[in-house]
Structures are given as C-alpha cells and as structure tokens.
Amino acid sequence: MKEHAETVVSNLQPNKVKPLQSLLTLKKDKNSDNFWHLLNQIEEGCPILKGNAKRLALFFYIIEILRSNDILFYVKGGITLQYYLKEHARVTNDIDLLIPSNPLEFYEKAKEALKNNKYGLDIELSDFRKEEADQTYYYDTFFMMVKVSYRGELIDTFSLEGTCEQFFYDIEPVRYPGPSFIKEDFTFLGVPLEFTLADKILAITSEQVRPYRHLIDTYSIINIADIDIDLVKKYLSILLEKENRIRDKYGIDHSNYIFEINKDKKFAKNFAYPRMQAGYKETFLEMVDIVNKWMKNNL
C-alpha cells in the first residue's frame, strides 16, 4: 500500500464543537469497562447535547472496530468537519466513508468485524445497497444501515455510507484523534479538509441539483479554517478528472468549471434547518455572495 504523509490534528486545541470536545476529554473510569456506564458518563458530561454526543461516541466505536480489523477506509463528511468548524459544525447523523474499491467486500468484512467486536455491543449491518455513478450523480456510492444494541436494549440506528473511488491512494489522509476512553492513543485516518472543500465546491458550482448543506459547509470552511489553497486545487483537479470520465461515458459535455454559483443554480432540501444547525443568521444570497467572492479570489 502506498505510504501517505499524515498530519496530526491535536485534541489539545481550544474548545471546538461541544459534543466532540466532551468525548475527547472524557476519561474512562478505571474501575469499570462497562459500556453502559460509559454512555451514562457521556450524557452526564454534556447534558444539553447528550443525544449528539452519545451518537458521536457510537460512530467512534464503529470506526475503531473497523480500523482495528485492518479494513481500509478514510472517514469523511460531518465527522471530520467536527474537528475544524467549532460551534458552526452541523450535527452529523451518519458515518460517511471513502473506500478504494469493492463496496460489497467492504460490507462483508465490516459485518463480520462489527458482529465480533470486543466491546460487548450487538452491532448489525443490513440493507446494503450500491449505486454506480451515472449522469445525475458522478460517484459510485454504497449504503447500509447500522443497528446498535447493548444487552438486549436498542441504543441507536443510523446509516453507514460513502463513495468508492479509484483515486483513493492519491489522497494524503489526516490522522485524527479519537476518544481515549475507547482506546488509548486512538486515532483514525480521514480525508483532509481541503478534499472536503473541493468536493463541496464542485457540488455548489455544478449544474446539477445538490443539497443546501454543501453551501453552508463551504461558507463555514472558508470563514473559519486554515486552508491550503494549492491542496484544494489539487483535489479539484482529481475530482474533475474523474467526473469528466463519467460525463464521457454518458455523452455529457465536459464542465469547464468556472468556480461561481450561478444565479439559476438550484439546491435541494431545506436551507433554514442546516443554517440553524450551523448557527448562522446570514441569508442564502449573502452566503452565495461571500462564497463567490472567495472562489474568485482564490481559485
């Protein structure tokens, strides 16, 4: 496997998103390895956001089980954004992964690893689906449901989903710190912020309909995070090369991307809800104007 340069994201940085920070600073009771006891600690540690922190803890358990079984993946999406966007990170309700190939093989390995986890959890994977890239969505995607129980009591259900990409090995992952109460020195590999930003820029400037959350996350990233512009451009190039291969397959003209949100650009779902989650009062047009100016000046 290709060696990657890795960056360490410190868990000693100033307070960021409260659920994440609560988990990163939570210390395991030395007198108890009881999973239920740990969940109670989580709820006591951040009572206002206890549901979010509890679900995020489950996500980290899943990630550690997969990682410890040598299953190859990078974490992406809302989990990684929690590390950068502070109080402006939206709540994440799923585990979003990037894998190099064969989502069915990933599903089968993950199902076995999660079933035989060492934490005493009953974790069931089901409803596996995969979709090939097509003329409306330029990504090979996969989806499965995760059901987590402990001693016969249902804790949560959520989705594990993501994309399968041949350029997996061209990405330089970041090593993120996970909660030490799960495992001492627990880290996992995820995509860098610049990859996430590049992916979202293509979503908001594409002629295709994409959810409003991509605009809101882009607005957050460019206003909060320290970004390597050259790295963003690198990932934009990689993503565009892949996208244009799909366009060729379906006889769609290549996109000569001018990185600007057009006036006739259509978004899907709801704008108000993700804006509220991210803690903004700016209007849609105000966000579009600021993002367009940033892209014009930097890309």
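Analyst: Let's start with H6 and helix H10 (residues 284–298), whose axes come within 13 Å and cross at roughly 115°. Helices here are DSSP runs (H or I, at least four residues), numbered from the N terminus. This is a predicted model, with local features needing pLDDT of at least 70 and side-chain atom pairs 80 or more, while totals for chains, interfaces and linings use all residues. Residues are numbered from 1 along each chain, and side-chain values use heavy atoms, without hydrogens and water.

User: What makes H6 and H10 a contact, and which residues meet?

Analyst: Contact means heavy atoms within 4.5 Å. Leu197, Ile201, Ile204 and Thr205 of H6 meet Val291, Trp294 and Met295 of H10. By class, six of these residues are nonpolar, one is polar and none is charged. (Ala, Val, Leu, Ile, Met, Phe, Trp, Tyr, Cys and Pro count as nonpolar, Asp, Glu, Lys and Arg as charged, the others, Gly among them, as polar.) The crossing of H6 with H10 is left-handed: the near helix is turned anticlockwise from the far one by less than a right angle, where clockwise would be right-handed.

User: Why are H6 and H7 called oblique to each other?

Analyst: Helix H6 (residues 193–205) and helix H7 (residues 213–224) pack at about 135°, their axes 9 Å apart. Angles run from 0 to 180 degrees between N-to-C directions of lines fitted to C-alpha atoms, for helices over the stretch in contact. Under 35 degrees is roughly parallel, over 145 roughly antiparallel, 65 to 115 roughly perpendicular, and the rest oblique. The pair H6 and H7 is therefore oblique. Their crossing is left-handed. On the H6 side, Leu193, Thr196, Leu197, Lys200, Ile201, Ala203 and Ile204 make the contact, facing His214, Leu215, Asp217, Thr218, Ile221 and Ile222 of H7. That contact has eight nonpolar, three polar and two charged residues.

User: What is the volume of the largest pocket, and which residues are the closest to its centre?

Analyst: The largest pocket has a volume of about 1300 Å³. A pocket is an open set of points on a 1 Å grid with protein on both sides within 12 Å along at least five of seven lines, and lining residues have an atom within 4 Å of a point. It is lined by 49 residues, of which Asp96, Tyr137, Glu161, Arg213 and His214 are the closest to its centre. H6 gives the largest share of that lining, six residues. The lining of the largest pocket has 18 nonpolar, 14 polar and 17 charged residues.

Technical notes:
Helices (H or I, at least four residues) and strands (E, at least two) are DSSP runs, numbered from the N terminus. On a 1 Å grid over the protein atoms alone, a cavity is a set of points where a 1.4 Å probe fits but cannot get out, and a pocket is an open set with protein on both sides within 12 Å along at least five of seven lines; lining residues have an atom within 4 Å of a point. Grid points are joined across faces, edges and corners, and a volume is the space filled by probe spheres set on the points.
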